[in-house]
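You asked for a colleague's reading of this model. The note below is arranged as numbered points.

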Amino acid sequence: GGHLYLPLGTINRYWENKPLMHTKYSILGLDWSDWKDYINYVPNEEKTEQLRKIVGIPESEYVFVNSVYGSPNSGLMSVQMKVSSKLPVVQLKLVDGFNIFDWIPIILEAKEVHTVDTALCFLVEKYSENQKLCMYGRYPGVFYHVEGIFNKWEMFENTGNVYEVKI
């Protein structure tokens, strides 16, 4: 009658030597390749509209940029990105009363998305259409853990330098 604790963040070190995201599924006997079939995101249009006004989302084309990962509860970290763009740049930021799900429609409407690898990449992978998607590693070798998961993203390995993003 005891409990079993499975540290999913590091389970691949103990279970099998495969990428982390594959191991999270295989430990439960599930196939990871159809993960998109199990995501059903329904936006809260009212909250997203409020967020648009607060943040000042342009009516014209824009580029979405996010350099932050982690969570407010466990700590936010970021990679250094130097962005130069002719289009307006919308930067993800914390806004009281709103969460990452309220940002998803705003992200999906951007002409290009440039983000550090975070959980939001999974929703963008599923719902993005006709956008340029660029994902930047938070540390060297991170993309091994999502091998085969993402098909729409151009991925840039972390070399320890500032990411120079020219749009």
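The points that follow take up the basis of the model, the sheet, a loop residue, a helix residue, the cysteines and the aromatic rings.

1. Basis of the note. The model is predicted, so local features are reported at pLDDT of at least 70 and side-chain atom pairs only at pLDDT 80 or more, whereas totals for chains, interfaces and linings use all residues. Residues are numbered from 1 along each chain as its sequence is written, and side-chain values use heavy atoms, with hydrogens and water left out.

2. An open sheet is formed by 5 strands in the order 5-1-6-7-8, with parallel pairing. Strand 5 (89-91) and strand 8 (154-156) stand at the edges with a single partner strand each, so one side of each has no neighbour in the sheet. From one strand to the next the twist averages 20 degrees. Helices (H or I, at least four residues) and strands (E, at least two) are DSSP runs numbered from the N terminus, and two strands pair if DSSP finds at least two bridges between them.

3. Strands 1 and 6, and the helix on the sheet. Strand 1 (residues 63-66) pairs with strand 6 (residues 112-116) in the parallel sense over 4 bridges. Within this region, V65 stands opposite H114 in strand 6. Helix 4 packs on the sheet and touches strand 1, strand 6 and strand 7; the direction of helix 4 makes about 155 degrees with that of strand 6. Such angles run from 0 to 180 degrees between N-to-C directions, the axes being lines fitted to C-alpha atoms, for helices over the stretch in contact.

4. Q131. This residue lies in the loop between helix 4 (120-127) and strand 7 (132-136). Is Q131 buried or exposed? Q131 counts as buried, because its relative accessibility is 12% (buried is under 20% relative accessible area, exposed over 50%, partly exposed in between, with a 1.4 Å probe and protein chains only). A polar atom of the Q131 side chain lies 2.9 Å from the backbone oxygen of I107, and the Q131 side chain also reaches the backbone oxygen of L108 at 3.3 Å. Beyond its neighbours within four places in sequence, Q131 is in contact (heavy atoms within 4.5 Å) with I107, L108, E109, A110, K111 and V113.

5. I107. I107 is buried, with a relative accessible area of 0%. With neighbours within four places in sequence left aside, the contacts of I107 are F64, V113, L120, V124 and Q131.

6. Cysteines. The structure holds 0 disulfides (a disulfide is a pair of cysteine sulfur atoms within 2.5 Å). For C121, the nearest cysteine sulfur is that of C134, 11 Å away. C121 is buried at a relative accessible area of 0%, and C134 is buried at 2%.

7. Aromatic rings. The whole structure contains 9 aromatic pairs; rings of Phe, Tyr and Trp (its six-membered ring) pair if their centres lie within 6.5 Å, and planes under 30 degrees apart count as stacked, over 60 as edge-to-face and the rest as tilted. Y41 and F101 form a stacked pair, at 6.3 Å centre to centre and 25 degrees between the planes. The pair links distant parts of the chain, 60 residues apart: Y41 is in the loop between helix 1 (20-26) and helix 2 (45-55), and F101 is in helix 3 (residues 100-109). Y41 counts as buried at 13% relative accessibility, whereas F101 is partly exposed at 43%. One aromatic cluster is formed by W35, F122, F150 and W153.

Technical notes: Polar contact = N/O pair within 3.5 Å; in protein donor to acceptor, adjacent residues only side chain to side chain.
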